[in-house]
Amino acid sequence: MALTLSARTDTIGALVAGYRPPDGHRDELLGPDGEIRRTWQPFLERFGAIGADGREAVARTTAQKLQESGIAFNVHADPDDRKAAWRLDLLPVILAADEWQGLERGLVQRARLIEAVLGDLYGGQRLLRSGVLPPSLVFGNPEFLHGCAGWSRPPGRFLFHFACDVARDPDGGWRVLADQADAPAGNGWLLASRVALSQGMGELYLESGVRRVAGYYARMQAALQAAAPVDESRIVTLSPGARDPGFFSHAYLARYLGLALAEAADLTERDGQLYLKTLEGLQRVDVVLRKIGGRFADPLNLSTRHDGGTPGLVQAARLGRTFFANALGSGVLQNRVLAAFSTDLAETLLGESLLLREAPALWLGDSLAQERVLQEPGWVTSRLAARHDPGSSDRHDPLPALPDDDARRRFLARDGHGWVAERPSLLPTTPGYREDRLAPVHWAMRAFVCVDEAGYHVLPGGLVRQSPTAETIGLPNGFGSKDLWVLREPGEVPAPSLFTRRFAQVHLRRTGRDLLSRTAEALFWLGRNVERAEAVMRTLRAVLTRLIDDGGPDRQPELLEALLAMHLGEERPLDGSARMRIAAGLELLLHDPEPMFGVRRSMDGIRHNATTARAVLSQDGWRVLNALHADRRWRPAGRGILAAPPIDMVNDGIRQLVAFAGTAAENMTRNYSWRFLDMGRRLERALQLIDVIDALTGTLDGVDEGVALTALLEIGDSYMTYRSRYAVTPMATPVVDLLALDETNPRSLAYQLLTLEGHLASLPSEGPYRSAEQRRVLALLTELQLADADQLTADREEGTGSVLAGFFARARVDLREAADLIGRGYFVLAETPTSTLAMRRVEGVGMVGP
Amino acid sequence: MIFDVRHRTDYSYSQLVSISHHLLHLEPRDTPHQRLERFELSIEPSPGFDDRDLDAFGNPTRTITLDQNHDELIIEARSRVRLAERELPSPLETPAWEEAAAVRLAATDDDALEASRYAFASPFVDLDDAIEAYARQSFVVGRPILDAAIELNSRIFREFTFDAKATSLATPVAEVFETRRGVCQDFSHLMLGCLRSLGLPARYQSGYIMTHPPAGQERLIGADASHAWVALWVPHYGWVELDPTNDCLPMREHVTLAWGRDYGDVSPICGIVYGGGAHDLTVAVDVLPLAAA
């Protein structure tokens, strides 16, 4: 039985000591009598029983799992950016099955209502004819897509899924903060949070009798399959791309459901059919899980002044060849469009009274509402049909900026129909986990509903958002998240395993079927960038070791400067003493994001490419790269580099890159994905090798040849091999043999060309002859194979124009051309369209004469 | 009147285009005063996909895809249309303009509902205080709608200068208003902005206008042009067309192609090309009167 807080002396007591929810708000933990609700007791007892160390371990594992998933609002943001970081509170919101049931019914009713309204607005428009809805609510709404109305074959249904932002009232009922009707975002975040927390909690989670969310996702997967017009269907997630704050969520969901993750430019329409642009040509698309706003989906058929979208997409939808989830145009009921009308609409269309209350909202197309918003304090205005997702930009109220009430009246009379005025809703509290104590935090959530032939299904969970304030307009933004657990009823069986089995089969069959042209390009560049990073790190290691072992920068300044110059080129520091130049060069290559071949620039490239190609990278490979990018030591340290050379950091970096190479070698199927990654790596390594051999086998003023060649062997990772073959101080001929000609050395130039040629030979091609890029690489390889090291190095002593230097000059040009040809041959489908709309405007003429 | 219209557009690209999609609004629609008697469309090279349909505003469209490499595209439309006389309501007897603005909140019948689609800002027509104030000089309280609109039409003609160099397709209406310069498309968008800022339903009309050569000179082949003007919804009557570029109410010399909320809905040729580099474009339009109806 429940005990009052003050009387508790057990393990829970310490946790809840000092827990005081603010007056007038509902609290999830404590009932009106100040006692802990029964729903929370079993969990809290277990949570208390594991002790402070146990909780610390849970927190650590959860945080680690979250970090490995790469979860964020904006995947390209600086990991230190607090606004972009995803913070998950350890304590979930816990709801009993009967509490959940009320919300569930309300959500299903709301989804049914939205479906009915959409069907009418894009069909017979009886709601407009009969005056239930005013025309300005619809036609004055930029999310209403005229081009999607009145089709002879309207979509079978508009909603495939739906999300609703809700907050709990003091009486335990629920109110709607906003509808997400167009392209609901966030159930990928929800899933990643659940995965991390359930792994972190372990037994604690398993014993708590939590309803699983996997069944919901399996149902989504099955429903997408079922919606396809044909059996062997291809389903893609259409994402706005990695720049969108919701990208992580979309990508995580796509990966979990086993769907290709595409952007608008990856799709093309031919003859009323959508296709995916893959390495092996165009592949038919049957179902699109749409995560981009409908308004910008098709620049040809939906008038817009924005770039982007897929020309012809509307055509494919209209002809019914592609199923869109959700249907184009669903955004017309986004956010608060329904707020002022939902009660009447539920009566009119469903014959039911509305189950979920509306958070206070005035539709400003109405003249009485316009007056109210000017007379009464406390109303905040924002765009009626806007999309407010976690991590997206803030709302903007236009009214305060206007000079006076006359100007506000004019604005509202003219444009009011596109705006809503809202008042904050009180937010309930729930326990947050703070320094091993429970403390009340305010919360609201986004709930998810999906639709299939059998009906409407609510996800048993939610994307809980914490709020720094006690009241809110819309879903609170940017203040941390929580999981939500709905407890099973006594005797309730966990989600059926049938779904899991079916799901796994589908997942297996689809893996690796299509490689997008854009993904191939990202992999190629990922290969180049990891190799570029490794090359500069190996050079940096050679420099830093010499600083430490050989007594500082004054011992071999010429060598150290020459090494840094290989990567800095024109950007190398020229001013000050050698010592200052070396320090400045190190700073540039280690910490500065600007230099083209510096560590930071390559790491940013790696991050970007890996994000784009994430769907085809192994989980371990992704984790390694993620950890590398998250390592803060690469940020400017502010300490003197010469005083404390950061050799450990560079060693760790090299170790991580080698680990990534290992996961690529061991964990990637030998398909085209792997080939493009490896082609990028081989090509870049060949170019880097050419630079380093060229620089260190030439005559360096003031540097002993043996010293230079030792550095070369070290950077080329072939010192041990050399020592095992020749027990002498490095000499030019054997070094060149080992690093340029020896096809058995995976660090040699010949080996890179041999491997690259092999990849090129196995790519899909037209015609019986070798491709131009393959011929270039083959010519260079053959030249090396016919050369002999003595001759190459002997020539060098006679001065300029030596065989080796000449070869390197040609090889640089040919390899860069080969890279270009690979781009044109395989990534050209990835090219983005240009609009010719701007080509021609109508100028007209005046009539002359009578 | 019967007109033969020839509208030829030549694109040439500096690099090969691998694929292009075009949406054409080149077939004149039927209107209460206009009937299409003949229409031919030729496209070189021949498109792989060619679909005729009606768009959201009832205009005939062609959607074409060229999926073979090409560095040139020639689209030529030839139409024969017959124009009937139209009777306009007497401006002073039209209802007060406020009645038309009321359709934004409630559509009393299907015509009003259809009209209400055109009463709001659209991608090329932004509304603001300055434009509204300009409109209100003509639209004083209770004034008959057509009377006020004809005055606004004349004011735009008088106070704005036709200047093809002053603006581009990207010039917003607010800038046209400020500089008092532009072309027929700008003036049409501006007038739509004026009317809609008051809540009035007003359409963008795309089409052609017959030009008259200066006295004593021959008609030049290809010298006519695409044209744009507006149509205003007058309660109990219907749509009345106004041409602010020419300070007239189109009667016999305007051939309608299509209408929509603005240029973006009905541009004669809207295209998306992949590749192509730089391009050249030439357009030739001839509007030849055949005979009196």
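I take two strands as paired if DSSP finds at least two bridges between them. The model is predicted, and I read every entry below with that in mind.

**Entry 1. Strand 17 of chain A**

I began with the hairpins. Strand 17 of chain A and strand 18 of chain A form one, with 2 residues between them. I counted 4 bridges joining strand 17 to strand 18 (residues 455-458) of chain A, and the two run antiparallel. In this pair I found A:Val449 opposite A:Val458 of strand 18 of chain A.

I then looked at strand 16 (residues 429-434) of chain A, which is joined to strand 17 of chain A by 6 bridges and runs antiparallel to it. A:Pro431 has A:Pro440 in strand 17 of chain A as its bridge partner. Strand 16 and strand 17 of chain A also make a hairpin with 2 residues between the strands, and there I noted A:Glu435 with a positive phi near 50°.

Next I asked which other strands pair with strand 17 of chain A. Strand 2 (residues 161-168) of chain A is joined to strand 17 of chain A by 6 bridges, antiparallel. I found A:His161 facing A:Cys450 of strand 17 of chain A. Strand 19 (residues 463-467) of chain A also runs antiparallel to strand 17 of chain A, with 5 bridges. Here A:Trp443 has A:Gln466 in strand 19 of chain A as bridge partner.

Is strand 17 of chain A mostly covered or mostly open? I found 13 of the 16 residues of strand 17 (residues 437-452) of chain A buried, so I take the cut-off as 20 or more other C-beta atoms within 10 Å.

**Entry 2. A parallel sheet in chain A**

I traced an open sheet of 4 strands in chain A, in the order 5-4-9-10, with parallel pairing. Its edge strands are strand 5 (260-263) and strand 10 (323-325) of chain A, each pairing on one side only. The twist averages 30° from one strand to the next.

I looked at one pair in detail: strand 4 (residues 235-239) and strand 5 of chain A run parallel and are joined by 4 bridges. In that pair A:Ser239 has A:Glu263 of strand 5 of chain A as its bridge partner. I also noted helix 10 (residues 247-257) of chain A, which packs on the sheet and touches strand 4 and strand 5 of chain A. The direction of helix 10 makes about 175° with that of strand 4 of chain A.

**Entry 3. Helices of chain A**

Two packed helices are described by the angle between their axes and the distance between the axes. I looked up both for helix 16 (residues 517-549) and helix 22 (residues 672-697) of chain A: the axes come within 7 Å and cross at roughly 35°. The crossing of helix 16 and helix 22 of chain A is right-handed. I listed the residues that meet; from helix 16 of chain A they include A:Leu523, A:Phe524 and A:Arg528, and from helix 22 of chain A they include A:Phe676, A:Leu683 and A:Arg685. By class, the contact of helix 16 with helix 22 of chain A has 12 nonpolar, 4 polar and 7 charged residues.

I checked the length of helix 29 (residues 803-826) of chain A. At 1.5 Å a residue its 24 residues should span 34 Å, and the end C-alpha atoms are 34 Å apart, which agrees. I found buried residues in helix 29 of chain A, among them A:Leu804, A:Leu815, A:Ile822 and A:Tyr826.

**Entry 4. An antiparallel sheet in chain B**

In chain B I traced an open sheet of 4 strands with antiparallel pairing, in the order 10-9-8-11. Strand 10 (238-242) and strand 11 (254-260) of chain B are at the edges, each with a single partner strand, so one side of each has no neighbour in the sheet. The twist from one strand to the next averages 35°.

Strand 8 (residues 202-209) and strand 11 of chain B pair in the antiparallel sense over 6 bridges. I found B:Ile209 opposite B:His254 of strand 11 of chain B. Helix 6 (residues 184-197) of chain B lies across strand 8 and strand 9 (225-234) of chain B, running at about 10° to strand 9 of chain B.

**Entry 5. The contact of the chains**

How many residues does each chain bring to the contact? I noted 56 residues from chain B and 44 residues from chain A. On the side of chain B that touches chain A, strand 12 (residues 269-275) of chain B gives the most, with 7 residues. By class, that side of chain B has 30 nonpolar, 18 polar and 8 charged residues.

Terms used: Residues are numbered from 1 along each chain as its sequence is written. Chains are lettered from A and ligands numbered from 1 in the order in which they are written. This is a predicted model: local features need pLDDT of at least 70, side-chain atom pairs count only at pLDDT 80 or more; totals for chains, interfaces and linings use all residues. Two residues are in contact if their C-beta atoms, placed from the backbone, lie within 7 Å. Ala, Val, Leu, Ile, Met, Phe, Trp, Tyr, Cys and Pro count as nonpolar, Asp, Glu, Lys and Arg as charged, and the others, Gly among them, as polar. Axes are lines fitted to C-alpha atoms, for helices over the stretch in contact, and angles run from 0 to 180 degrees between N-to-C directions. A crossing is left-handed if the near helix is turned anticlockwise from the far one by less than a right angle, and right-handed if clockwise. The expected span of a helix is 1.5 Å times one less than its number of residues. A residue is buried if 20 or more other C-beta atoms lie within 10 Å of its own, exposed if 12 or fewer, and partly exposed in between; C-beta atoms are placed from the backbone.
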